[in-house]
Amino acid sequence: IKALGATKKNVMTQFLVEAIIISLLGGLVGIILGVLMGFGVSAIMGGSFHMPWLWIGVAFLTCSAVGLFSGLYPAMKAANQDPIEALRHE
């Protein structure tokens, strides 16, 4: 990307967006599985299940933060890399 004229900001933005999206997809799978398990347990036990909207929101915020922080180092490393060296090691 950088060899095509992308700036450091473009490279960092792309890396961070990818990291956040991957983290959110993992969080979405976890939320779906948790809700399905909650419905299943409540059906087996004969109780009722209420959607924990607050905790779903907290889960999405946590996933976004994890994606941002885990993608920050690779994003900075890729943004500072020389395009010739990056293409040579591909």
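Colleague: Which element gives the largest share of the nonpolar patch?
Modeller: Please keep in mind that this is a predicted model. The largest share comes from helix 1, residues 8-45, with 8 residues of the patch.

Colleague: And which residues make the patch?
Modeller: The patch is made by Val17, Ile21, Leu25, Leu28, Val29, Ile32, Leu33, Leu36 and Phe60, and the surface area is about 790 Å².

Colleague: Take Leu33: is it buried or exposed, or in between?
Modeller: Leu33 lies in helix 1. Its relative accessible area is 48%, so Leu33 is partly exposed.

Colleague: Which residues of helix 1 are buried, then?
Modeller: They are Val11, Leu16, Ala19, Ser23, Gly27, Ile31, Val35, Gly38 and Ser42. Helix 2, residues 53-79, is included in what covers them.

Colleague: Why does Ser42 count as buried?
Modeller: Because its relative accessibility is 12%, and buried means under 20%.

Colleague: What is Ser42 in contact with, leaving aside neighbours within four places in sequence?
Modeller: Ser42 touches Gly47, Ser48 and Phe49. As for the chain just after helix 1, Gly46 has a positive phi of about 80° there.

Colleague: Changing topic: how far apart are the end C-alpha atoms of helix 1?
Modeller: They are 55 Å apart. With 38 residues at 1.5 Å a residue, helix 1 should span 56 Å, so the two values agree.

Colleague: What about helix 2?
Modeller: Helix 2 has 27 residues and should span 39 Å at 1.5 Å a residue; the distance between its end C-alpha atoms is 37 Å, which agrees.

Colleague: Where does helix 2 bend?
Modeller: The bend is at Leu72 and amounts to about 40°. A proline, Pro74, follows within four residues.

Colleague: Which residues of helix 2 are buried?
Modeller: Ile56, Cys63, Gly67, Gly71, Ala75, Ala78 and Ala79 are. Helix 1 is part of what covers these residues.

Colleague: Finally, the overall picture: how many helices and strands are there?
Modeller: There are 3 helices and 0 strands, in the pattern α-α-α along the sequence. Of the 90 residues, 19% count as buried.

Colleague: What share of the accessible surface belongs to carbon and sulfur atoms?
Modeller: The share is 74%, out of an accessible surface of about 6,700 Å².

Colleague: And among contacts between residues at least 6 apart in sequence, what share joins residues at least 24 apart?
Modeller: That share is 79% in this protein.

How values were computed
Residues numbered from 1 in each chain as written. Predicted model: local features only at pLDDT ≥ 70, side-chain atom pairs only at ≥ 80, totals over all residues. Heavy atoms only, no water. Patch = residues over 30% accessible without salt bridge, like charges linked within 9 Å, V, L, I, M, F, W, Y side chains within 5 Å. Areas by Shrake-Rupley, 256 points an atom, 1.4 Å probe, with all protein chains shown as cover. Salt bridge = Lys/Arg side-chain N within 4 Å of Asp/Glu carboxyl O. Helix = DSSP H or I, 4+ residues; strand = E, 2+ residues; numbered from the N terminus. Buried < 20%, exposed > 50% of the residue type's maximum accessible area, 1.4 Å probe, protein only. Contact = heavy atoms within 4.5 Å. Expected span 1.5 Å × (residues − 1). Bend = angle between axes of the 7 residues up to and from the residue.
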